[in-house]
Amino acid sequence: MSKTYRIKERSEGAFGWLTNLVSPRSSEKTAVDDVSFTVGQGEVVGFLGPNGAGKTTTLKMLSGLLYPTAGQISVLGYTPQLRNKEFLKSISLIMGQRQQLIWDLPAMETFRLNQKIFEIPDEQFKQVYGYLDELLQVSKLVKAPVRTLSLGEKMKCELVASLLHDPKVLFLDEPTIGLDVGVQKIVRSFIKDYSRERNVSVLLTSHYMQDIEALCERVIVVSDGRVSFDNTLESLRKRMSNHRIITVELSEAAMASALGKYGLVRSGDGFVHELMVPASDVVSVCSRVLAEQSVLDISISDPPIEEALLKLFMDSQAEAAMRAEGASGKCVA
Ligand SMILES: Nc1ncnc2c1ncn2[C@@H]1O[C@H](COP(=O)(O)OP(=O)(O)OP(=O)(O)O)[C@@H](O)[C@H]1O
């Protein structure tokens with residue numbers, strides 16, 4: 001699937017409005033460029049990428065909110081942009097930055113409205129609400145106007161409102177954004193239990209790697225609108241497995257530059273420094289540091305998954321820059 005946005009360019013200045021009227025100008029932005037993947041039933045897949053990579057645009061196309069400019073999409077056998085009623089009853093798009101709850105009314109009013117919209121029989125409503133309440137503990141929250149709830153409480157109610165119709169596919173766009181660590185953990189474990197117990201397929205975007213590590217075995221990484229990686233989280237982790245982090249605590253403060261001779265200094269505050277070194281050099285670097293520095297403590301760990309992701313983003317951005325350069329070269333020729 002691909003999506004190109006047309007962006008109106010507004011002229012500035014006193015007569016800008018006249019220019020906009022007489023000769024309107026626009027440019028194009030390809031947000032999603034020939035992205036292709038499949039997700040199996042019951043699979044929970046992380047959909048990652050830097051800001052502006054095209055994740056939300058992809059989720060909107062998958063849930064039928066946006067028409068693709070090119071390509072074909074099939075979700076549960078339906079074509080999302082046709083917005084078939086049965087399709088809409090089978091999916092849910094939950095966005096951490098937007099909510100569907102009616103601001104001035106208690107959340108239960110939104111739940112009842114959704115019951116009507118999705119034609120949920122009373123018995124099913126009772127059963128699904130009871131199940132969701134057991135996992136999210138919302139019964140104390142649903143009678144107060146939504147505007148009086150905290151961000152975390154709103155997110156719990158938002159999840160209930162979005163899942164009452166028992167969807168088979170979930171698109172989650174940053175569901176833990178802005179939540180404190182306690183509520184993040186609750187939401188994470190809810191998604192885990194819910195997807196496993198209901199055998200629901202989930203496509204999850206998040207900038208928090210704890211979400212991805214807790215929930216996803218497979219990750220798809222997009223950068224500049226293109227898929228740059230589609231494999232297991234483990235294989236993403238292994239991309240950095242030829243490096244280790246050596247954390248050194250010194251008894252006397254030292255400049256980061258003083259440790260540069262041992263490896264790449266990732267961070268340092270005077271007393272504690274982190275060095276990234278090739279795995280094959282770990283023993284020799286540790287010996288040298290211990291012999292030459294006043295060391296209080298030293299430890300060795302694997303690089304966090306963020307390192308591998310960052311490297312992937314940087315490689316894809318470099319590739320995109322080269323593609324753009326090639327394309328402009330072609331134009332000139
Ligand atoms: N309605 C729109 N009109 C024009 N351009 C848009 C529109 N929506 C998104 N874009 C552009 O498309 C690109 C992809 O945006 P998108 O929101 O899909 O990225 P994202 O990966 O979800 O980013 P983030 O992680 O910051 O949420 C961005 O460059 C964005 O500016």
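**Ligand shell**

I started with the elements around the ligand: β1 (3-9), β2 (25-32) and α2 (55-62) each give at least two residues to its shell. In my notes, helices are DSSP runs of H or I with at least four residues, strands are E runs with at least two, and both are numbered from the N terminus. This is a predicted model, so I keep in mind that local features need pLDDT of at least 70, that side-chain atom pairs count only at pLDDT 80 or more, and that totals for chains, interfaces and linings use all residues. Residues are numbered from 1 along each chain as its sequence is written.

Which element gives the largest share of the shell? It is α2, with 3 residues. I then listed the residues around the ligand: Tyr5, Ile7, Lys29, Ala31, Gly49, Asn51, Gly52, Ala53, Gly54, Lys55, Thr56 and Thr57. To count as near, a residue needs its C-beta atom, placed from the backbone, within 6 Å of the molecule. By type I get 4 nonpolar, 6 polar and 2 charged. Here Ala, Val, Leu, Ile, Met, Phe, Trp, Tyr, Cys and Pro are nonpolar, Asp, Glu, Lys and Arg are charged, and the others, Gly among them, are polar.

**The six-stranded sheet**

α2 lies across β3 (44-48), β4, β5, β6 and β7 (218-223), and runs at about 155° to β5. Contact means C-beta atoms, placed from the backbone, within 7 Å. Axes are lines fitted to C-alpha atoms, for helices over the stretch in contact, and angles go from 0 to 180 degrees between N-to-C directions.

What is the order of the strands in this open sheet? I read β4-β5-β6-β3-β7-β8, 6 strands with mixed pairing. At the edges sit β4 (91-95) and β8 (226-232), each pairing on one side only. From one strand to the next the twist averages 15°. Two strands pair if DSSP finds at least two bridges between them. Phenylalanine 171 has leucine 203 in β6 as its bridge partner.

**Two loop residues with positive phi**

I looked up glutamine 137 and found phi near 55°, a positive value in a residue other than glycine. Glutamine 137 sits in the loop between α5 (122-136) and α6 (151-163). Is glutamine 137 buried or exposed? I count glutamine 137 as exposed because 12 other C-beta atoms lie within 10 Å. The cut-offs, with C-beta atoms placed from the backbone, are 20 or more others within 10 Å for buried, 12 or fewer for exposed, and partly exposed in between.

Asparagine 199 also turned up, with phi near 55°, again positive in a residue other than glycine. Its place is the loop between α7 (181-198) and β6 (201-205). Asparagine 199 is exposed, with 10 other C-beta atoms within 10 Å.

**Arginine 237 and the domains**

I found the chain divided into domain 1 (35-237) and domain 2 (242-301). Those bounds come from an automatic or database domain assignment. The domain centres, taken over C-alpha atoms, are 42 Å apart.

Arginine 237 belongs to helix α9 (residues 233-238). I noted arginine 237 as partly exposed, because 17 other C-beta atoms lie within 10 Å. What does arginine 237 touch, leaving out residues up to four places away in sequence? I found Ile305 and Ala308. Arginine 237 and isoleucine 305 are 68 residues apart in sequence, yet 5.6 Å apart in space, C-alpha to C-alpha.

**The four-stranded sheet**

Last I went to the open sheet of 4 strands, in the order β10-β11-β9-β12, with antiparallel pairing. Its edge strands are β10 (264-268) and β12, each pairing on one side only. The twist averages 20° from one strand to the next.

Why did I note strand β9 (residues 243-250) as largely enclosed by the rest of the structure? Because 6 of its 8 residues are buried. β9 is joined to strand β11 (residues 272-278) by 7 bridges, and isoleucine 245 has methionine 276 of β11 as its partner. Another 6 bridges join β9 to strand β12 (residues 295-301), where leucine 250 is partnered by valine 295. β10 and β11 pair over 4 bridges, and glycine 268 stands opposite histidine 273 in β11. Helix α11 (residues 282-292) lies across β9, β11 and β12, at about 170° to β12.

Conventions:
Contact = placed C-beta atoms within 7 Å.
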